[in-house]
Amino acid sequence: MNNELLTIALAEPSVIIRSGMAVALKRIPGFRIQTVEMSTLDTLHNYLRLHKPDILLINPVFWGYVDIIALKEDTSNQHLKSMALLYASVDASLLRNFDDTISIYDSLEQIKEKLDRLIESPAPDSSDESNTLSLREKEIIVCVVKGQTNKEIAQELFLSTHTVISHRRNIARKLEIHSTAGLTIYAIVNKLVELEEIKKNMLI
Amino acid sequence: MQKQQKFSENDKMSDLINEDHSLLLVIGRFGLSFGFGDKTVKEVCQLNDIDCPTFLAIVNFLSKGNIEMDTVYDNISIPSLIDYLRNSHAYFLEFKLPAIRNKLLEAVNAPDQNLPYGVIFTKFFDEYVSEVYKHMNYEDKVVFPYVLALLEGKKDPAFSISDFEEHHNEIESKLIELKNILIKYYPAKGNNYLLTEVLFDILSCEIDLASHSHVEDYLFVPAIEAIEHEKSTEK
């Protein structure tokens, strides 16, 4: 499960298509999606001035030609991806500047594939191995909750600071815990450390 | 153009709650108390000196369940909206989060646990609350006064409402972390009802905080942006 919230701006004049699309997007497994809906280009411009969605899904023909490049330049959001929402086949030249298209006849699987490709989410790796901590990672957790800096950990375990940082990133990903306070709870609950060892850091 | 909205001023207040119980929270934050009888939304608002269009805007925004940007909020009272947001902050900080803290302590301090989990969890929870506090306090002390001054035509040139965008994610991620620790890593034994109860509270608080952020990001901020825009073109 990708825990990052994905914001999708949905610019489509038909309330039926728009609502249907929003519901379909919510059903796609593996994503946390927040859709923001709008039915006019004016609203879209106002919205893009204030917000930075990840993806813009837009009807490419209803308002005439939508200049997606100008739209992107107008907002200060370089990472904005664009997708065209199609009812029927459309002249390819109109779609040239879009990153991808979604047809209203796409299946959820097809939409998911397109989203995966578009945001390059890491392949879901739910095998046991990828989510279990290695011995080394456990050692590092112990050091972290004792209050050691990355540099001190590197010295104690004979690693480079860079390696320590990459281990810490993997730990955060595997456990979905990012804060030291959270790791402390994890370490105590799983008996990686004794409470006595870390008391002075916790200021108990 | 006024769009079709789910609730209107002539609906009965009691119907509104029956239709969507999450609106209970809104009613409390406007300082309304129950015993509405058959009064309509408009009547209840008048009796309690509440701006009816603002009340309806929030109720309709929240009950839709989706976010759409087409509605123009030019008939709402910004001071009323700010009162509502301030009351929501007070609700979280002074009522909801302390209540969760108490339940959490009770759940993790079961007598058969030989470790003082209470201390560890409270520390984590208190860090979380202090972040929520920092964020909400910034809105109460900086953002709202800026907006109220703007309404009086005294705009602070150093600040604009778009500066106050997208601060909400950090708060949510910390609550998700607490939830993960309890669901995935806490070696529960003994009284599981207490733990279930506190998890349930955390989850509903998470949803409630998210709706609160949505009101700020998609109703409050665009409304203020429109005023900033209007004032800057007046000159």
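Predicted model: local features only at pLDDT ≥ 70, side-chain atom pairs only at ≥ 80, totals over all residues.
Glu176(A) lies in the loop between α9 and α10 (180–189) of chain A. The phi of Glu176(A) is near 60°, a positive value in a residue that is not glycine. That deserves a second look, because most residues other than glycine have a negative phi.

How exposed is Glu176(A)? It has 18 C-beta neighbours inside 10 Å, so Glu176(A) counts as partly exposed; being buried would take 20 or more.

Phe158(A) also has a positive phi, about 55°, although it is not a glycine. You will find Phe158(A) in the loop between α8 (150–157) and α9 (161–175) of chain A. With 7 other C-beta atoms within 10 Å, Phe158(A) is exposed, since 12 or fewer is the cut-off for that class.

Here are the two residues side by side:

| Residue | Phi | C-beta atoms within 10 Å |
|---|---|---|
| Phe158(A) | about 55° | 7 |
| Glu176(A) | near 60° | 18 |

Now for the chain as a whole. Chain A has 11 helices and 5 strands. Its radius of gyration is 23 Å, well over the 17 Å that the globule rule gives for 204 residues, so chain A is more spread out than a compact globule. Along the principal axes, the C-alpha atoms of chain A fill a box of roughly 70 × 35 × 30 Å.

What share of the 204 residues in chain A is buried? Buried residues make up 25% of them. As for contacts in chain A between residues at least 6 apart in sequence, 65% join residues at least 24 apart.

How values were computed
Residues numbered from 1 in each chain as written. Chains lettered and ligands numbered in written order. Helix = DSSP H or I, 4+ residues; strand = E, 2+ residues; numbered from the N terminus. Rg over C-alpha atoms; globule rule 2.2 N^0.38 Å. Contact = placed C-beta atoms within 7 Å.
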